[in-house]
Amino acid sequence: MNTNNNLQRWQPCRGYCQMNGAASAILSIKDAKVVMNCPRWCAVLAERELAIAVKEFETRLYCSEVLETDLLFGVGNKLVEAVEEACADGKNSLLAVLTNCSMSLIGDDIKGVCSELQTDCPVVAIDSGGLTGEYWEGWSNALITILQNIQPSRLKTLPGSVNLIGCSACYPQWQGDLAELRRLLAAAGVEVNVCLIENGTTLAQLEQIGRAKLNIVLNEEIGLPVAHWLEENLQQPYLNIPMPYGLDGSLRWLQAIGHALQMELDLTSLQEEIKWAKKMIFREYSVLKSTCDNLFFKRLVISSYYGKINSLLPVLKKEMPVFGRLYYRVNGPGGQDIPSGEEWCYTKPLENLQHDEYQIVLGSERDLHELCGFKNTAFLEFMMPASRISVSWETCIGITGWLYFTKSIIQQILHLYKMNNGPEQK
């Protein structure tokens, strides 16, 4: 079927609503619940996307079932009933009421309604309509609202300690990413105080956020507003440094943190590990070259968040055998200062691949469909929602992650090359 490629930019659901971002941040707190103050269709769409990332989220997500009459006369009584019943089981640490676009427009005083509720847990009201922001704004606004509610204070600082900010349970590979970051930091002698905000975080942990000497912003599209708030309210300095890709990039990441902490890091064991990893990667490339001597990579396409792209592109140019062009598509804020590569715009579709041409795509399944060429494409998920099959240890960052990244890409290309050039294709 022929389609007009210029129309692709008008297709729905390329981004994710502010309400989804707020819900994912709230539900990452242990025993927290969310009441979406919206019509059913908004809640259904949000629930589907959130459940793909963390199945358990759907058990703590509710909807006030806004109807046409509620848009005219208000939803106050119905919302009060929904919140009170959601709090009735007594197993809640926090309940958030998230208001969508339609309810924001009619002007109901949702914060006033929530402030008068008699419940056994804190109740916060957050305006999270998609007309005023996307996932990124919803996530950071919700987390800042939580911090304002618990009012953490600056505590006695733990030497050599950091908070990790900008971790979302809806980002692909978040569990493996955090495990690798913690491993690298621990090996270098840096202690992780709190991670904002991994799934299962407690309010008691958030109250200890003031113990860290430094905040590390991992994904600036969601983490930077939170770091600004903590700097203003707790006088905590922050370092905006994306998650590390590549072997040498991992060392540079740690060295930058050590410099900001004003401490000498012991990187001896990690340097030895990197030497071993380079040997393993060389062997993988040798197998690839011996099997596919004339293999041509037409392009590498990244569709992800600004922090990932900005961190990954320089490493790919140096450490991956890409002989064609590098393209990128920034999802969310940022992207004005990408150092290399060409922007992949919806109005400028990329040309189709020939039989003997291959590409690497780091993005979403939707990006993969848009680029076609499935028989010639190595693919990794770099956009939310995360894969329906969650692999908690999977990561592409750090030393462990770069080994996985390299091996996964090479094995996919080897499989595709053998499939396309086997006896049945000759």
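**Exercise 1.** Find which residue just after H10 takes a positive phi, and then work out which residues of helix H10 are buried and what they pack against.

*Solution.* Just after H10, the residue Gln235 takes a positive phi of about 55°. The model is a predicted one, in which local features need pLDDT of at least 70 and side-chain atom pairs count only at pLDDT 80 or more, while totals for chains, interfaces and linings use all residues. Residues are numbered from 1 along each chain as its sequence is written, and side-chain values use heavy atoms, with hydrogens and water left out. Helices (H or I, at least four residues) and strands (E, at least two) are DSSP runs, numbered from the N terminus. Helix H10 covers residues 220–234, and its buried residues include Ile222, Leu224, Val226, Trp229 and Leu230; buried means under 20% relative accessible area, exposed over 50%, and partly exposed in between (1.4 Å probe, protein chains only). The buried residues of H10 pack against partners that include helix H7 (135–150), strand E5 (161–165) and helix H13 (306–319), where contact means heavy atoms within 4.5 Å.

**Exercise 2.** Describe how helix H1 and H7 are placed relative to each other.

*Solution.* Two packed helices are described by the angle between their axes and the distance between the axes. The axes of H1 (residues 18–27) and H7 come within 6 Å and cross at roughly 40°; axes are lines fitted to C-alpha atoms, for helices over the stretch in contact, and angles run from 0 to 180 degrees between N-to-C directions. H1 and H7 are therefore oblique to each other, since angles under 35 degrees count as roughly parallel, over 145 as roughly antiparallel, 65 to 115 as roughly perpendicular and the rest as oblique. Among the residues making the contact are Ala22 and Ile26 of H1 and Trp139 and Ile146 of H7.
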